[in-house]
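Please look at the sequence and the structure below before reading on. The report then takes up a helix, a residue within it, and the sheet.

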Amino acid sequence: MSVMETVRVQSDLFDMGAELNAFAAAMAKKNAGAVVSFSGLTRDIATGDLDAMEIEHYPGMTEKALAKIRDEAIERFKLSDAMILHRHGRMEPGEPIMMVVTAARHRADAFQGAEFLMDYLKSRAPFWKKEITAQGAKWVAARDEDEDALSRW
């Protein structure tokens, strides 16, 4: 798999199972002993009235930023490879929003690599999220706990 295949920002829905299976098959050829995945779903807000979420990004810049953090994770955690798949555009509650998959010879490295990438995506990735409800649209502010999670790395 090339970097362009393992770092994707797209508007289209994706099949989490098919993505994981393709990644795992490629990693079996690299002698990986562990594959870890995390998939995020668009979830309803606390008030229960989310109609949709819209995610914006700056094409080109976003992919470069994700490729850089992916490369850092591969080096830092001795990963065989890593994949970041993130959607943009309009998403309904329950739809997949993103997916991170890591592979390594040992499970601890694969888990840590995935957590590192998730913490980055939640706090530093160049995406802007807007929640749309019957009352209107509101930009989602950064959360302190997401920023705090980065301190462990």
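## Helix 2 and its buried face

In helix 2, the buried residues are Glu-19, Phe-23 and Met-27, where buried means under 20% relative accessible area, exposed means over 50% and partly exposed lies in between, with a 1.4 Å probe and protein chains only. Seen down the axis of helix 2, these buried residues fall within an arc of 65 degrees, so they line one face of the helix; the arc is that of the directions from the helix axis to the C-beta atoms. An α-helix has 3.6 residues a turn, so residues three or four places apart point the same way. On the other side of helix 2, Asn-21 and Ala-28 are exposed.

This is a predicted model, in which local features need pLDDT of at least 70 and side-chain atom pairs count only at pLDDT 80 or more, while totals for chains, interfaces and linings use all residues. Residues are numbered from 1 along each chain as its sequence is written, and side-chain values use heavy atoms, with hydrogens and water left out.

Helix 2 covers residues 16-28 and has 13 residues; helices (H or I, at least four residues) and strands (E, at least two) are DSSP runs, numbered from the N terminus. From its first C-alpha to its last, helix 2 reaches 18 Å, close to the 18 Å expected at 1.5 Å a residue, the expected span being 1.5 Å times one less than the number of residues. At the start of helix 2, a side-chain oxygen of Asp-15 reaches to within 2.9 Å of the backbone nitrogen of Gly-17.

## What the buried face meets

The buried residues of helix 2 pack against strand 1, strand 2, strand 4 and strand 6, where contact means heavy atoms within 4.5 Å. Glu-19, which lies in helix 2, has a relative accessible area of 16%. Leaving aside residues up to four places away in sequence, Glu-19 touches Arg-8, Phe-14, Met-83, Leu-85 and Met-99.

An open sheet is formed by 4 strands in the order 1-4-6-2, and the pairing is mixed; two strands pair if DSSP finds at least two bridges between them. Strand 1 (7-10) and strand 2 (34-41) stand at the edges, each with a single partner strand, so one side of each is left without a neighbour in the sheet.

Strand 4 (residues 79-87) and strand 6 (residues 96-104) run antiparallel and are joined by 7 bridges. The bridge partner of His-86 in strand 6 is Met-98.

Definitions and conventions: Polar contact = N/O pair within 3.5 Å; in protein donor to acceptor, adjacent residues only side chain to side chain.
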